[in-house]
Amino acid sequence: MKLSWKKTTALLGTALIAASMAFTASAFAAKELRFAHVYEVKTPYHEAALMAAKEVEEKTGGEYTIKVFPASSLGKEQAINEAISLGTVDIIYTGCGFASRSFGPIGISDYPFTMRGYPHWKAYTESDLFAELAEGYKKATGGATVVALTYYGARQVTANKPILKPEDMKDLKIRVPNAPSYVLFPKAVGANPTPMAFSEVYLALQQGVVDAQENPLPTIQFKKFYEVQSNINLTAHITNSLITVVSGSTLKKMDPADQEILVNALKSSALWASDQIVQAEKDLVAWFRDQGINVNEVDRAPFMDAVKPHLLSEDMPWPPEIYERLQAIPDAM
């Protein structure tokens with residue numbers, strides 16, 4: 001049967017519209033970004049990731065969405081660091097100690113006693129030094145971009161005994177993340193550092209595979225480590241950070257306006273999460289004591305004296321002037 005010219009044109013137009021719609025739908029679906037991290041869904045870090053996802057979707061008019069994969073669902077810390085460099089995930093949280101495997105100096109803030117506390121950390125995040133280290137990381141990784149820094153808290157040692165002086169840690173089998181910055185502190189005080197994935201720590205403590213672990217107070221609460229450890233010892237040996245990293249290949253695919261939306265959303269959510277952790281640290285000492293946990297005040301000076309020679313040695317992954325510049329940064333008001 002022959003079709004009239006009008007019918008042929010109408011059918012062709014309909015087909016073109018359908019094809020255009022299918023192409024648009026396909027292109028839209030391709031703009032879902034994957035955000036991977038190792039933290040539980042009830043942590044401020046995960047909540048912040050969800051907040052950023054919501055802001056990006058709203059401000060791009062739905063052109064970009066972010067799917068968040070918490071609790072190591074896309075792999076443990078080392079795996080997601082590899083994935084960001086390969087471009088198989090778009091955004092991650094990672095510790096500075098893990099990032100230092102790609103660019104050593106960026107790990108300096110995760111080394112013991114390089115930070116005086118939160119006010120010093122806050123000033124560092126806004127410093128030229130941090131901007132330079134983030135740029136060095138970007139070059140070393142072929143474009144992976146640090147867009148935000150989140151306060152993770154001061155790391156404290158938990159065990160089934162008080163730890164009040166370096167000698168109390170001698171031969172203690174203590175779980176640490178698998179990065180050099182975390183291994184240094186226990187080695188310096190004669191303990192036995194045992195690298196282990198974050199997701200395995202609770203069971204290892206419960207079964208006595210390790211004697212102790214170290215994490216900030218909010219993490220000790222989130223992960224319920226206080227259920228299997230009787231003492232929290234306020235060593236505050238590391239002022240910890242998470243960096244938010246976006247894949248370079250992801251940023252290259254975005255126009256400048258969308259890049260700005262993404263970066264601003266990640267920065268503002270990082271600030272929100274940092275504020276939550278600061279407040280939690282203020283509240284948790286009393287909370288843990290209410291649970292029957294021994295929270296022990298610690299004279300940090302002997303621990304600092306044990307660690308300082310290592311920080312000034314040639315074994316550190318930064319030149320001496322980086323350490324000196326960090327120490328010269330005045331605390332934020």
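Student: Does α2 pass α11 in a left-handed or a right-handed crossing, and how do I read that?

Tutor: α2 passes α11 in a right-handed crossing. Hand is read from the near helix: turned from the far one by less than a right angle, anticlockwise is left-handed and clockwise right-handed. Helices are DSSP runs (H or I, at least four residues), as are strands (E, at least two), numbered from the N terminus. Before going on, note that this is a predicted model, where local features need pLDDT of at least 70 and side-chain atom pairs pLDDT 80 or more, while totals for chains, interfaces and linings use all residues. Residues count from 1 along each chain as its sequence is written, and side-chain values use heavy atoms, without hydrogens or water.

Student: At what angle do α2 and α11 pack, and how far apart are their axes?

Tutor: Two packed helices are described by the angle and the distance between their axes. Here helix α2 (residues 44-59) meets α11 at about 150°, axes 8 Å apart (lines fitted to C-alpha atoms over the stretch in contact; angles from 0 to 180 degrees between N-to-C directions). That makes α2 roughly antiparallel to α11 (over 145 degrees; under 35 is roughly parallel, 65 to 115 roughly perpendicular, the rest oblique). Residues in contact (heavy atoms within 4.5 Å) include Met51 and Val56 of α2 and Leu262 and Trp272 of α11.

Student: And how are α7 and α12 oriented to each other?

Tutor: Helix α7 (residues 180-188) and helix α12 (residues 301-311) pack at about 125°, with axes 9 Å apart, and are therefore oblique to each other. Their crossing is right-handed. Leu184, Phe185 and Ala188 of α7 make the contact with α12 residues including Phe303 and His310.

Student: Which residues have the most contacts inside the largest nonpolar core?

Tutor: In soluble globular proteins, nonpolar side chains tend to be buried together. The largest core here has 101 residues, with Ile66, Tyr124, Met169, Leu262 and Phe288 making the most contacts inside it (a core is buried Ala, Val, Leu, Ile, Met, Phe, Trp, Tyr and Cys joined through side-chain atoms within 4.5 Å; buried is under 20% relative accessible area, exposed over 50%, partly exposed in between, with a 1.4 Å probe and protein chains only). Helix α11 (residues 256-290) gives the most to this core, 13 residues. Beyond four places in sequence, Leu262 touches Leu33, Val56, Ile66, Ile91, Val246, Leu251 and Met254.

Student: Is asparagine 233 buried or exposed?

Tutor: Buried, since the relative accessible area of asparagine 233 is 0%. Asparagine 233 lies in strand β8, and its contacts more than four places away in sequence include Gln156, Thr158 and Asn296.
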